[in-house]
Amino acid sequence: MRRLGLADIRAGLARGEFSAVELVEDRLVALEAAEALNAIVTLMPERALDAARAADRRRAAGEPALPLDGVPIAVKDLFCTECVRTTASSAMLESFVPPYESTVTANLTAAGAALAAKTNLDEFAMGSSTATSRFGPTTNPWKAKGDQRPRAPGGSSGGSAALVAASVLPAGLGTDTGGSIRQPAAFCGIVGLKPTYGRCSRWGIVAFASSLDQAGPMTRNVRDAAILLAAMAGHDPKDSTSAREPVPDFEAALGSGVKNLRIGVPLEYRVDGMPDALDVLWREGARWLAEAGAEIVDISLPHTPYALPTYYIIAPAEASSNLARYDGVRYGLRAPARAIEEQYAHTRRAGFGAEVRRRVLIGTYVLSAGYYDAYYTKAQRVRRLIAGDFEQAFGKIDAVLTPTAPTAAFPLGEKMDDPIAMYLNDIFTVPASLAGLPAISVPAGLDHTGLPLGLQLIGRPFDEATVLRAAKALEAAAGFDAEPEFVR
């Protein structure tokens, strides 16, 4: 059962090859055996088994199966789960047990999913390595040839990515603010999809940057990503940023192919220092799509070089505002103190790690009275220009093809002392986030050390169907079937 994906599990359950309870029990054993990855914050065995038993009862009664009936899924520990600890991998929320359920996890539960584990992440989703977690770093199941050093799984959704890549669970939930689904997907050799901003509800997700955060699926193939997204998505009246858009049959769209689609290749994504293997793979990806019937078009997205600095003004500013609620008064950690101001200071010092404190300080600075217009207002104007570049490009193309990350997975701890080097991991993913566009990372090859590399497809707002169509064609042409050492 280890290598079965969502579609495989759905078919196996329908044929009676195994029961949902047998499947979940098998995967719970696998979760315990995967302890070395440090990808799990909290196991949810009873919740998963209850969902599996309900799925088996429905099948025994002859009732129609739900879309994800009995399928075990990993949940990034940023989604609130009723009566189950939700920590955001931070000391600030280490003992927080929410009395409510996030809309996305509620949607998956209603679709029959067996939510089995809360997974590790960079603290409050701030990071690109899953090494800033209160619970220690997660380890990528992949290793380089001739180099046994543990590798970063990417971040911030590294825990979910690692479990899916290691075939411990068939799918996982992540959140993407500037690349936190796509970059770990590329590092771990899996599929990661960031939907259009507003496609999935943010209600019940611990906030990092409210105008950027978006939930999405992490799976081992494109079809499974389409299946999971359909179950997650939909309008939510509890979230004012949730879009009133119909949810298409994403899985059905996969069969349409890419004939006559126009795929743009942006000049500005060829950056200095790009590894030769990544550049070759990018050109190969364009050739694959052309052979499948697409037309490849050179395009320009001229404001791309300004995306990363723009993001690292806007995201910390919103983080500073969102994290102001953690004051030791209402919920979460409360450090002892003699006066209220002292309590604020002690609580935040004890509750936040170094990277979170860094971003809160940057955000507070750019929002301060003397610097608001010079930094934050200007960044918002540049964000509009970046979105305008995509709008203009989509007047003549249907999707954009780029690399996902500038390198393969780096050794754990390698960039921790250099925040700028760490932030550069998001150089290819941030533009789509600022523009609120759907984007997917597809595993497409290996570098010279045997580590996976991903290619990214970006689409028009709420056109995930086209993005998934192109991703399916890219996946078929790449034929990526490598597995990490951990699986073998």
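Colleague: Which residue forms a salt bridge with glutamate 475?
Modeller: Glutamate 475 pairs with lysine 472, and their closest N and O atoms are 3.6 Å apart. A salt bridge here is a side-chain nitrogen of Lys or Arg within 4 Å of a carboxyl oxygen of Asp or Glu. This is a predicted model, in which local features need pLDDT of at least 70 and side-chain atom pairs count only at pLDDT 80 or more, while totals for chains, interfaces and linings use all residues. Residues are numbered from 1 along each chain as its sequence is written, and side-chain values use heavy atoms, with hydrogens and water left out.

Colleague: Where do glutamate 475 and lysine 472 lie?
Modeller: Both are in helix α16 (residues 464-478), three residues apart, about one turn of the helix. Helices are DSSP runs (H or I, at least four residues), numbered from the N terminus.

Colleague: Is glutamate 475 buried or exposed?
Modeller: Glutamate 475 is buried, at 17% relative accessible area, whereas lysine 472 is partly exposed at 25%. Buried means under 20% relative accessible area, exposed over 50%, and partly exposed in between (1.4 Å probe, protein chains only).

Colleague: How many salt bridges are there by this rule?
Modeller: The count comes to 27 salt bridges. One of them joins glutamate 291 to arginine 287, with the closest N and O atoms 2.5 Å apart. These two residues are separated by about one helical turn because they are four residues apart in helix α9 (residues 276-291). Glutamate 291 is exposed, with a relative accessible area of 58%, and arginine 287 is partly exposed at 37%.

Colleague: And which residue pairs with arginine 151?
Modeller: Arginine 151 forms a salt bridge with aspartate 147, at 2.8 Å between the closest N and O atoms. Arginine 151 counts as buried at 8% relative accessibility, and aspartate 147 is buried too, at 16%.

Colleague: Changing topic, how many residues has the largest nonpolar core?
Modeller: That core has 156 residues, and Leu68, Phe124 and Leu401 are among those with the most contacts inside it. A nonpolar core is a set of buried Ala, Val, Leu, Ile, Met, Phe, Trp, Tyr and Cys residues joined through side-chain atoms within 4.5 Å.

Colleague: What does leucine 401 touch?
Modeller: Not counting residues up to four places away in sequence, the residues touched by leucine 401 include Ile263, Trp282, Leu289, Leu457 and Leu474. Contact means heavy atoms within 4.5 Å.

Colleague: Where is valine 329?
Modeller: Valine 329 sits in the loop between α10 and α11 (340-351). Valine 329 counts as partly exposed because its relative accessibility is 35%.
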